[in-house]
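Keep the picture open beside you as you read.

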Amino acid sequence: MTFLYTAYAATWAIHIAYLITVVRRYSRVKRETSQLKKRA
Amino acid sequence: MKKAFPILALLTAVFLSYALYEALVVAPREQTMGDVQRIFYYHVPSAWTAFLLFAINFIASIQYLVRRNPKSDQIANWIVIAVGVLTSIGAYVIRPLPQDVYPSSIVTTALAIVGLYFLIKRLFSEQATDILALTTAEVGVVFCTVVLVTGPLWARPVWGIWWTWDVRLTSTLVLWLIYVSYLVLRRFSTSGQTPVLAAALAVFGALDVPLVYFSIWIFRTQHPQPVIGGGGSIDPRMLHVLLINWLAFLCFAFLVCWSRYQVERMQREVEETQALEALLEPGGNVR
């Protein structure tokens with residue numbers, strides 16, 4: 001059962017890690033967009 | 001789509017939870033391997049999803065390359081139709097096919113790829129195909145990573161080893177390396193030709209996908225035989241759980257790709273605006 005739970009946990013750890021990078025990129029783009037709007 | 005996203009995300013989360021419940025509780029216990037066999041319900045759907053995403057990346061990359069010139073675009077359309085027709089005819093004419101490969105599965109795959117080609121062409125502009133290629137490669141690498149991590153975690157208790165340089169395993173690792181190099185190229189190259197170079201790499205990289213898929217039919221491998229359309233057999237209840245998990249992962253992959261696509265599109269708009277700003281003097285004159 002250890003291998004089974006490790007595999008399932010690893011799967012979700014990989015997906016969550018990638019989702020965090022997408023959210024961070026989104027926050028950065030949003031910040032840059034608002035900076036551009038302020039300058040305009 | 002923007003308003004529907006939270007609802008779709010919630011539905012996907014519920015679907016994934018249900019698929020997890022099916023995999024851990026409902027699916028029957030395999031007699032030889034025991035509970036460790038349940039890794040299969042995450043390993044196989046992740047592999048299928050990765051293959052599908054790499055196929056979309058392949059089609060989007062071809063379109064990005066050919067749509068730069070209307071004549072090559074037209075030629076490509078006819079080539080795609082011809083390949084679809086010839087593959088469908090060839091599946092029933094050419095013998096011998098690898099053992100347990102059905103002509104109908106070859107025809108279905110060929111027609112699905114042709115359909116996908118024209119669907120992408122209809123839905124995405126030339127620049128959008130480049131974003132689509134990047135998005136699907138990135139998410140495909142994530143799913144391929146899951147395959148490469150869950151595989152050894154299943155192999156250790158069943159085979160007694162974490163890894164062997166078997167054709168299926170090695171070709172999957174090579175596939176992962178090709179797409180990682182594709183992403184590295186896109187991330188670090190500053191050349192204006194980067195999308196073209198990346199598209200060319202993706203077209204050749206995708207050739208590894210059929211090799212990975214058919215390796216267990218063509219070569220003698222340690223990897224288990226395919227459970228669908230091949231020599232292996234599977235309990236109908238296990239097949240049901242497998243398909244539910246695949247559908248749940250497909251919904252999840254679609255949402256992740258859509259989010260990543262939107263972020264990339266916004267990023268490019270910001271970069272274009274910044275580049276335009278840099279060209280203009282404070283008074284509004286071009287430098």
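## Ground rules

Two residues are in contact here if their C-beta atoms, placed from the backbone, lie within 7 Å. With that in hand, look at chain B: among its contacts with a separation of 6 or more, 78% are accounted for by residues 24 or more positions apart.

A bit of housekeeping: this is a predicted model, where local features need pLDDT of at least 70, side-chain atom pairs count only at pLDDT 80 or more, and totals for chains, interfaces and linings use all residues. Residues are numbered from 1 along each chain as its sequence is written, while chains are lettered from A and ligands numbered from 1 in the order in which they are written.

## The two chains

What is each chain built from? Chain A has 1 helix and 0 strands, and chain B has 9 helices and 0 strands. (Helices are DSSP runs of H or I with at least four residues, strands are runs of E with at least two, and both are numbered from the N terminus.) Along the principal axes, the C-alpha atoms of chain A fill a box of roughly 60 × 5 × 5 Å, and the C-alpha trace of chain B spans about 75 × 45 × 35 Å.

Next up is burial. A residue is buried if 20 or more other C-beta atoms lie within 10 Å of its own, exposed if 12 or fewer, and partly exposed in between, with C-beta atoms placed from the backbone. By that count, 12% of the 40 residues of chain A are buried, and for the 287 residues in chain B the figure is 30%.

## Chain A and its partner

How far does α1(A) reach from its first C-alpha to its last? The answer is 55 Å for 38 residues, close to the 56 Å expected at 1.5 Å a residue. (The expected span is 1.5 Å times one less than the number of residues.)

The buried residues in α1(A) are A:Leu4, A:Ala7, A:Thr11, A:His15 and A:Val29. They pack against α2, α5 and α9 of chain B. Between the chains, 19 residues of chain A are in contact with 22 residues of chain B. The chain A side of that meeting has 13 nonpolar, 4 polar and 2 charged residues. (Nonpolar covers Ala, Val, Leu, Ile, Met, Phe, Trp, Tyr, Cys and Pro; charged covers Asp, Glu, Lys and Arg; the others, Gly among them, are polar.)

## Helix α9 of chain B

Now find α9(B), residues 236–279. Its 44 residues should span 64 Å at 1.5 Å a residue, and its end C-alpha atoms are 64 Å apart, which agrees. Among its buried residues are B:Leu242, B:Phe249, B:Val256 and B:Val263. What covers the buried residues of α9(B)? The cover includes α1 of chain A, plus α1, α2 and α5 of chain B.

## How the helices pack

Two packed helices are described by the angle between their axes and the distance between the axes. (Axes are lines fitted to C-alpha atoms, for helices over the stretch in contact, and angles run from 0 to 180 degrees between N-to-C directions.) α1(B) and α9(B) pack at about 155°, with axes 9 Å apart. That makes the pair roughly antiparallel. (Angles under 35 degrees count as roughly parallel, over 145 as roughly antiparallel, 65 to 115 as roughly perpendicular and the rest as oblique.) Their contact involves 13 nonpolar, 2 polar and 1 charged residues.

α2(B) meets α9(B) at an angle of about 45°, again with the axes 9 Å apart, so the two are oblique to each other. On the α2(B) side, the residues include B:Tyr41, B:Trp48 and B:Leu53, and on the α9(B) side they include B:Trp246 and B:Phe249. This contact has 12 nonpolar, 3 polar and no charged residues.

Last, α6(B) (residues 167–188) and α7(B) (residues 194–205) pack at about 175°, with axes 10 Å apart. They are therefore roughly antiparallel. B:Ile178 and B:Tyr182 of α6(B) are among the residues in this contact, as are B:Leu197 and B:Leu201 of α7(B).
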